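Have the sequence and the coordinates open as you read.

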Amino acid sequence: MYVARINPQLCDRSPGCPVRRICPQGAVNREEGEGFFHGGPWKVDPEKCLGCGICLQFCPHQAVELVPAEDR
């Protein structure tokens with residue numbers, strides 16, 4: 001089984017993140033902060049992620065990858 005992981009070095013922290021919007025499980029979130037980008041990079045909750053890979057197609061920065069679930 002695989003789960004998605006977002007590389008924080010590639011994530012642009014956009015508040016309109018298409019990966020967050022497209023995830024059918026609502027597994028993509030981040031801690032709230034201040035300023036335009038409202039916090040750190042987006043993160044995938046491995047407990048919610050199905051490993052479907054839909055998000056791979058929607059990240060404009062190729063910051064999402066599928067990794068084995070035990071590497072979460």
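Leaving aside its neighbours within four places in sequence, which residues is Ile-6 in contact with? They are Cys-11, Val-28, Trp-42, Lys-43, Val-44, Ala-63 and Val-64, where contact means heavy atoms within 4.5 Å.

A word on the ground rules. This is a predicted model, in which local features need pLDDT of at least 70 and side-chain atom pairs count only at pLDDT 80 or more, while totals for chains, interfaces and linings use all residues. Residues are numbered from 1 along each chain as its sequence is written, and side-chain values use heavy atoms, with hydrogens and water left out.

**Overall layout**

The protein chain has one helix and four strands, in the order β-α-β-β-β from the N terminus on. These elements are DSSP runs numbered from the N terminus (helices H or I, at least four residues; strands E, at least two). Of the contacts between residues at least 6 apart in sequence, 62% join residues at least 24 apart.

**The core**

Ile-6 is found in strand E1. The largest nonpolar core has 18 residues, and Ile-6, Val-19, Val-28, Val-44 and Val-64 have the most contacts inside it. Such a core is a set of buried Ala, Val, Leu, Ile, Met, Phe, Trp, Tyr and Cys residues joined through side-chain atoms within 4.5 Å. Strands E1 (2-6) and E4 (64-68) are the elements that give two or more residues to this core, and E1 gives the most, with three. Val-64, leaving aside its neighbours within four places in sequence, is in contact with Ala-4, Arg-5, Ile-6, Val-19, Cys-55, Leu-56 and Cys-59.

Buried residues make up 29% of the 72 residues in the chain. Buried means under 20% relative accessible area, exposed over 50%, and partly exposed in between (1.4 Å probe, protein chains only). Two buried residues are listed here:

| Residue | Relative accessible area |
|---|---|
| Ile-6 | 11% |
| Arg-30 | 14% |

**Around Arg-30**

Arg-30 lies in the loop between strand E2 (28-29) and strand E3 (43-44). Its position is over the face of Trp-42, at 4.1 Å from the ring centre; the criterion is NZ of Lys or CZ of Arg within 6 Å of the ring centre and within 35 degrees of the ring normal. A polar atom of the Arg-30 side chain also lies 3.0 Å from the backbone oxygen of Arg-13.

Notes:
Polar contact = N/O pair within 3.5 Å; in protein donor to acceptor, adjacent residues only side chain to side chain.
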